[in-house]
Amino acid sequence: MGVTCVSQMSVAEGKSVQQTVELLTQKLEMLGAEKQGTFCVDCETYHTAASTLGSQGQAGKLMYVMHNSEYPLSCFALFENGPCLIADTNFDVLMVKLKGFFQSAKASKIETRGTRYQYCDFLVKVGTVTMGPSARGISVEVEYGPCVVASDCWSLLLEFLQNFLGSHTPGAPTVFANRHDAVYSPADTMVQYMELFNKIRKQQQVPVAGIR
Amino acid sequence: MADVLSVGVNLEAFAQAISAIQALRSSVSRVFDCLKDGMRNKETLEGREKAFIAHFQDNLHSVNRDLNELERLSNLVGKPSENHPLHNSGLLSLDPVQDKTPLYSQLLQAYKWSNKLQYHAGLASGLLNQQSLKRSANQMGVSAKRRPKAQPTTLVLPPQYVDDVISRIDRMFPEMSIHLSRPNGTSAMLLVTLGKVLKVIVVMRSLFIDRTIVKGYTENVYTEDGKLDIWSKSNYQVFQKVTDHATTALLHYQLPQMPDVVVRSFMTWLRSYIKLFQAPCQRCGKFLQDGLPPTWRDFRTLEAFHDTCRQ
Ligand SMILES: [Zn+2]
């Protein structure tokens, strides 16, 4: 598990989501990256059930339950700004039992799917973010496997991102800032995906650009 | 054509000289034929003598003529250039079809290599002589108990001394931790952890480093039965590259008389990888080249370079 940067790629002018994804993957192949299967990250939102809320009408915290095909045996449960729990996939069954406390928000499931590419020690995943039937955006994940401290290799990652994304290069993910020289963990990647999904949810739905 | 030939030797004169030599040889053999046949087939003794002398004279004249001719031609042939460092093989450099048959450059290369080989073989033989084990020779007729202690000093340093040297190095570099173990008898194995960047397995023989393998900080360095895994390589290309360079460094840092200095120099060099992912290349100024960070560290200055950016 190396240091990972997840970012959103805006849809190219006059192109659909699908076309932009194709442009990106073509660029990767031109760089010399090799296709290595597919990936999927999904996220479901739960909110605390009304019965368990305090009488002052305080808003319930949102909890996100996520899966990452890179860790097929794990399930991640996160609060915004809060702790991240890494559990076995059985956790999903537990959530059904906890219906009285956590209720799944309707049609909240959001996921990104796409192809994995390997380039030297970099792992690049370009995915189409979908909510229900519609494509809502593009996610770009770049992982540098050999390094485990985010601040050590951010400049190096940035150089790769600049080569790959040009003017669309993102800034340093916020999780990097809080980590100092701690070892990067898979949970940090999930937090980045959660933030990305939340950002995309808030964005206006792209009018026509569905999957062709 | 004429231009090319005039550089070295006059080929036309050469061909003529060769035929002149042939003519000379045949006229000389005619002389001996005539001497061998002697005097015959004439009625009178005087007639026989006269004919023989005339014949002999003719033959000698033609020898003389052919010899003069050869002498004249040999002046035309010209001399091959003499001051070439590789003597006559230097003429290969005059080959006009250099691109197709780069014989001369290959020859120079081979010459350089053989020189280097000789030099290194000299060093190696010096080292080996100094540490001659002569195991098989000594074992003959000597019981295992009374085996003579004729072993070289640098190979039989007491383990305690090795431990001391290593722990002193360990204290020298705070960001580097060295764990020493002896899973296979007296030879030490080190597991060096450099910051949160990489781990190095170092296989020692006394105070000589036999082998090093560099792996990632989170990569597994143990085999299933809990021993240090000294055979498998890293899954990451960057550490495979660093392993190669570390092996080169082992060959570079050689000082048979002072093995502890060698280990210290090697560890000092290794420590410069603490900035493996943070130091841009000192030549091209970039972090990445073909997906790899600058994996080379200069042996003297410890500056970072890409493998292809170093001299
Ligand atoms: Zn360079």
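The model is predicted. Its largest pocket holds about 660 Å³ of space, and a search of the whole structure also finds one cavity of 30 Å³ or more. Aromatic rings are another thing to look for, with 18 aromatic pairs over all chains.

**Chain A at a glance**

- Chain A has 212 residues, and 50% of them count as buried.
- Five helices and nine strands make up the elements of chain A.
- Starting at the N terminus, you can follow the elements of chain A in the order β-α-β-β-β-β-α-β-β-β-β-α-α-α.

**The largest pocket**

- About 660 Å³ of space lies in this pocket, and 21 residues line it.
- If you want to find its centre, look for B:Leu127, B:Phe208, B:Leu250, B:Leu251 and B:Gln254, which are the lining residues closest to that point.
- Three elements of chain B each supply at least two residues of the lining: helix 4 (103–130), strand 4 (208–216) and helix 7 (237–252).
- Helix 4 of chain B gives the most, with five residues in the lining.
- By residue type, the lining of the largest pocket divides into 14 nonpolar, five polar and two charged residues.

**The largest cavity**

- The space in the largest cavity comes to about 40 Å³.
- Its lining is made of A:Met1, A:Thr4, A:Asn68, A:Glu70, A:Tyr71, A:Lys125, A:Glu141, A:Glu143 and A:Thr189.
- Those lining residues divide into two nonpolar, three polar and four charged.

**Aromatic rings**

- One of the 18 aromatic pairs joins B:Tyr236 and B:Phe239 in an edge-to-face arrangement, with 6.3 Å from centre to centre and 70° between the planes.
- The angle of 70° between the rings of B:Tyr236 and B:Phe239 counts as edge-to-face because it is over 60 degrees.
- B:Tyr236 and B:Phe239 are both buried.
- These two residues also belong to a cluster linked by ring pairs, whose members are A:Tyr119, A:Phe122, A:Tyr144, A:Phe160, A:Phe164, B:Tyr236, B:Phe239 and B:Phe277.

**Charges over rings**

- In chain B, the charged end of B:Lys116 sits over the ring of B:Trp113, at 4.8 Å from the ring centre.
- B:Lys199 lies over the face of B:Tyr217, and here the distance to the ring centre is 5.7 Å.

- A:Ser139 is part of strand 9 (residues 134–144) of chain A.
- A:Ser139 counts as buried because its relative accessible area is 0%, under the 20% cut-off.
- The side chain of A:Ser139 makes a polar contact of 2.9 Å with the side chain of A:Thr112.
- B:Glu175 is placed in a loop of chain B, between helix 6 (159–172) and strand 1 (176–184).
- With a relative accessible area of 28%, B:Glu175 is partly exposed, because this value falls between the cut-offs of 20% and 50%.
- B:Glu175 and B:Gly195 are 20 residues apart in sequence, yet in space they are 5.3 Å apart from C-alpha to C-alpha.

Key: Residues are numbered from 1 along each chain as its sequence is written. Chains are lettered from A and ligands numbered from 1 in the order in which they are written. This is a predicted model: local features need pLDDT of at least 70, side-chain atom pairs count only at pLDDT 80 or more; totals for chains, interfaces and linings use all residues. Side-chain values use heavy atoms; hydrogens and water are left out. On a 1 Å grid over the protein atoms alone, a cavity is a set of points where a 1.4 Å probe fits but cannot get out, and a pocket is an open set with protein on both sides within 12 Å along at least five of seven lines; lining residues have an atom within 4 Å of a point. Grid points are joined across faces, edges and corners, and a volume is the space filled by probe spheres set on the points. Helices (H or I, at least four residues) and strands (E, at least two) are DSSP runs, numbered from the N terminus. Ala, Val, Leu, Ile, Met, Phe, Trp, Tyr, Cys and Pro count as nonpolar, Asp, Glu, Lys and Arg as charged, and the others, Gly among them, as polar. Rings of Phe, Tyr and Trp (its six-membered ring) pair if their centres lie within 6.5 Å; planes under 30 degrees apart count as stacked, over 60 as edge-to-face and the rest as tilted. Buried means under 20% relative accessible area, exposed over 50%, partly exposed in between (1.4 Å probe, protein chains only). A charge sits over a ring if NZ of Lys or CZ of Arg is within 6 Å of the ring centre and within 35 degrees of the ring normal. A polar contact is a pair of N or O atoms within 3.5 Å; within protein, one must be able to donate a hydrogen and the other to accept it, and residues adjacent in sequence count only if both atoms are side-chain atoms.
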